[in-house]
Amino acid sequence: MLIELTVAALLLLGAGFALVGSIALARLPDFYTRLHGPTKATTLGVGATLLASALYLGSDGAGDTPRELLVLVFLFATAPVSAQLLARAARHLGVKSLAPPPEDAADSDVDDGH
């Protein structure tokens, strides 16, 4: 009973993260923020779903747990790398961000009281 509840909670968590990542992909304003949302949220969503699968299959002795765990490790190793490569390629191609550029501390006009 406890394993089924844990599997159900992980599946709901995974579906929730995947939903948030999908909404972020559709709603965020530019390429860079659209890249960030699904990369983080969907990776966690698929990770929770794979953990649920590994827990469920491991509980009944099916023996397929190493496969799910290897996919999980591969996912967490490749998702940040692919996001970084996509962002660098977009920057190289001149894709502009809608976010304002960060201010340099030396160029700041803010009086900090000193």
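Is serine 53 buried, partly exposed or exposed, and what is its relative accessibility? Serine 53 counts as partly exposed, at 24% relative accessibility. The legends below describe this residue and other parts of a predicted model.

Figure 1. Read along the sequence, the pattern is α-α-α. The chain has 114 residues, and 23% of them count as buried. Its accessible surface is about 8,400 Å². Carbon and sulfur atoms account for 68% of that surface. Take the contacts between residues at least 6 apart in sequence: 65% of them join residues at least 24 apart.

**Figure 2. Helix α2 and helix α3 run roughly antiparallel.** Helix α2 covers residues 31-59, and helix α3 covers residues 65-93. Their axes come within 9 Å and cross at roughly 175 degrees. Angles over 145 degrees count as roughly antiparallel, so α2 is described in that way relative to α3. The residues of this contact divide into 19 nonpolar, 6 polar and 2 charged. In general, two packed helices are described by the angle between their axes and the distance between the axes.

**Figure 3. Serine 53 of helix α2 is shown with leucine 11.** Serine 53 lies in helix α2. In sequence, serine 53 and leucine 11 are 42 residues apart. In space, the distance between the two is 8.7 Å, C-alpha to C-alpha. Serine 53 has 24% relative accessibility; buried would require a value under 20%, and exposed a value over 50%. Serine 53 therefore counts as partly exposed.

**Figure 4. Glutamine 84 of helix α3 is shown with leucine 35.** Glutamine 84 is part of helix α3. The sequence separation between glutamine 84 and leucine 35 is 49 residues. From C-alpha to C-alpha, these two residues are 9.4 Å apart in space. The relative accessibility of glutamine 84 is 46%, and this residue counts as partly exposed.

**Figure 5. Phenylalanine 31 and tyrosine 32 form an aromatic pair.** The count for the model comes to 1 aromatic pair. The rings of phenylalanine 31 and tyrosine 32 are 5.5 Å apart, centre to centre, with 80 degrees between the planes. Planes over 60 degrees apart count as edge-to-face, and this pair is edge-to-face. Phenylalanine 31 has a relative accessible area of 29% and is partly exposed. Tyrosine 32 also counts as partly exposed, with 22% relative accessibility. In general, a pair of aromatic rings is described by the distance of the centres and the angle of the planes.

How values were computed. Residues are numbered from 1 along each chain as its sequence is written. This is a predicted model: local features need pLDDT of at least 70, side-chain atom pairs count only at pLDDT 80 or more; totals for chains, interfaces and linings use all residues. Side-chain values use heavy atoms; hydrogens and water are left out. Helices (H or I, at least four residues) and strands (E, at least two) are DSSP runs, numbered from the N terminus. Buried means under 20% relative accessible area, exposed over 50%, partly exposed in between (1.4 Å probe, protein chains only). Contact means heavy atoms within 4.5 Å. Accessible areas come from the Shrake-Rupley method with a 1.4 Å probe; for residues, only the protein chains shown count as cover. Rings of Phe, Tyr and Trp (its six-membered ring) pair if their centres lie within 6.5 Å; planes under 30 degrees apart count as stacked, over 60 as edge-to-face and the rest as tilted. Axes are lines fitted to C-alpha atoms, for helices over the stretch in contact, and angles run from 0 to 180 degrees between N-to-C directions. Angles under 35 degrees count as roughly parallel, over 145 as roughly antiparallel, 65 to 115 as roughly perpendicular and the rest as oblique. Ala, Val, Leu, Ile, Met, Phe, Trp, Tyr, Cys and Pro count as nonpolar, Asp, Glu, Lys and Arg as charged, and the others, Gly among them, as polar.
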